[in-house]
Amino acid sequence: MSDRNRGFFAKTALIAAALVFLPLGTLAQSTAAQASSSQSTTSESQGRWLHVRVISSDAKGETVRVNVPLELAEKVLPAIHQERIHDGKVKIDNAHVNDVDLRALVEAIRTAKDGEFVTVQGNDCDVRVAKQNNHLVVHVLDKKNSKKSEVEVKVPMQVVDALFSGGKDELDLVAALHALSAQGDTELVSVKDHENTVRVWLDSKNVSD
């Protein structure tokens, strides 16, 4: 595989991870008061919660935890208008990356049987793209220097379909969150490098472990 295509799949994993963090970072700033006032009610309703945990590996060893009830996120996201986020959707420059139609790629993967689609082992980067148990799995190991970094994204295909259900050149975050609420407990993103360890997961608890 060419360096160009290898780079595309590596960027795909990082973009997928960023799509999870983007709304959460905005929600953490915009809904703190609402979350605190409704936390007791939501915890009693056995709702679904999206969790982010970031552990710094430096001397300070700081840890950041974000816990967002999906029900609250679905209601708040349409009210946020910041940079590329408007009405619960994220605007993307275009639906083609490196001459690849992302919507066509998603449709091809959705209708395909489970299997390992791409495996690349290179000097700089190992990439694996697969479909397992109706989940899209992207794993990237960056080996460009002695301090390796590893990214794994695992997203249910129903969520991927919902994310791309919006109009042209946009991703529907609210639809994706709604589809995510129907899923069982699952880990979505795992990032490990020399600076931080990041985990994003979904369960029914109103606190992270």
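Mentor: Let's start with Ser 56, which lies in strand 1 (residues 49-56); strands here are DSSP E runs of at least two residues, helices are H or I runs of at least four, and both are numbered from the N terminus. This is a predicted model, where local features need pLDDT of at least 70, side-chain atom pairs count only at pLDDT 80 or more, and totals for chains, interfaces and linings use all residues. Residues are numbered from 1 along each chain as its sequence is written, and side-chain values use heavy atoms, with hydrogens and water left out.

Trainee: Does Ser 56 count as buried or exposed?

Mentor: Buried means under 20% relative accessible area, exposed means over 50%, and partly exposed is in between (1.4 Å probe, protein chains only). Ser 56 has a relative accessibility of 15%, so Ser 56 counts as buried.

Trainee: Which residues is Ser 56 in contact with, leaving aside its neighbours within four places in sequence?

Mentor: Contact means heavy atoms within 4.5 Å. With those sequence neighbours set aside, the partners of Ser 56 are Gly 61, Glu 62, Glu 195 and Asn 196.

Trainee: How many bridges join strand 1 to strand 14?

Mentor: Two strands pair if DSSP finds at least two bridges between them. Val 52, for instance, has Val 200 in strand 14 as its bridge partner. Strand 1 and strand 14 (residues 196-203) run antiparallel, and the bridges joining them number eight.

Trainee: How many residues lie between strand 13 and strand 14 in their hairpin?

Mentor: Strand 13 (residues 186-192) pairs with strand 14 in the antiparallel sense over six bridges. One of the bridge pairs is Thr 186 with Leu 202 in strand 14. The two strands form a hairpin, and the number of residues between them is three.
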